Amino acid sequence: RDASGAIVGVVGVGQDITEKKQAERVQTALADDLARLIDTANAPIFGIDNHGAVTEWNQMAARLTGYTKEDVIGKNLVEEFIMSEYKASVKEVLDNALNGRETANFEFPLFTNKGTRREILL
């Protein structure tokens, strides 16, 4: 501004963000590669959040169960897809995993959308 307060110019400050943008592109590419690897794996892969809601369901899980990703995302895995007599034990194993406690070779039945029982090794 000049002495009378009129705007007479603009000052801008720039910052070189080339490296930041490159790192973002690499990170996005890596995330895309990992998502593709999970989705196309030859094993059923599912994910749940802290409340037991399904957050991930790959193509093999869909093939084995008949439930699409859209069918299961957001639904409670144990409550909606596990037989009554296995709900407590499956919930315990998943809760342990969510709390960082490892459980290996846990078998449980998962039912398909046609009611067929599938044995899953977690």
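**Figure legends: overall fold and close-up views**

The protein has 5 helices and 4 strands in this predicted model.

**Figure 1. Order of the elements and overall extent of the chain.** Read from the N terminus, the elements follow the order α-β-β-α-α-α-α-β-β. The radius of gyration is 24 Å, whereas the globule rule gives 14 Å for 122 residues, so the protein is more spread out than a compact globule. Along the principal axes, the C-alpha atoms occupy a box of roughly 85 × 30 × 30 Å.

Figure 2. Buried residues make up 21% of the 122 residues of the protein. The accessible surface amounts to about 8800 Å², and carbon and sulfur atoms contribute 53% of that area. Contacts between residues at least 6 apart in sequence were also examined; 27% of them join residues at least 24 apart. There are 14 positive and 19 negative side chains, and the centres of the two sets are 3 Å apart.

Figure 3. Helix α5 covers residues 84-98. At 1.5 Å a residue, its 15 residues should span 21 Å, and the end C-alpha atoms are 21 Å apart, which agrees. Which residues of α5 are buried? They are Val 90, Val 93, Leu 94 and Asn 96. An α-helix has 3.6 residues a turn, so residues three or four places apart point the same way. The cover over the buried residues of α5 includes β1 (46-48), α4 (77-81) and β3 (107-111). After α5 comes Gly 100, which has a positive phi, near 85°.

Figure 4. With residues up to four places away in sequence left out, Asn 96 touches Arg 101 and Thr 103.

Figure 5. Helix α1 comprises residues 18-40, and Gln 22 is found in it.

Technical notes:
Residues numbered from 1 in each chain as written. Predicted model: local features only at pLDDT ≥ 70, side-chain atom pairs only at ≥ 80, totals over all residues. Heavy atoms only, no water. Helix = DSSP H or I, 4+ residues; strand = E, 2+ residues; numbered from the N terminus. Expected span 1.5 Å × (residues − 1). Buried < 20%, exposed > 50% of the residue type's maximum accessible area, 1.4 Å probe, protein only. Contact = heavy atoms within 4.5 Å. Rg over C-alpha atoms; globule rule 2.2 N^0.38 Å. Areas by Shrake-Rupley, 256 points an atom, 1.4 Å probe, with all protein chains shown as cover. Lys, Arg positive; Asp, Glu negative; His and termini not counted. Charge placed at Lys NZ, Arg CZ, Asp CG, Glu CD.
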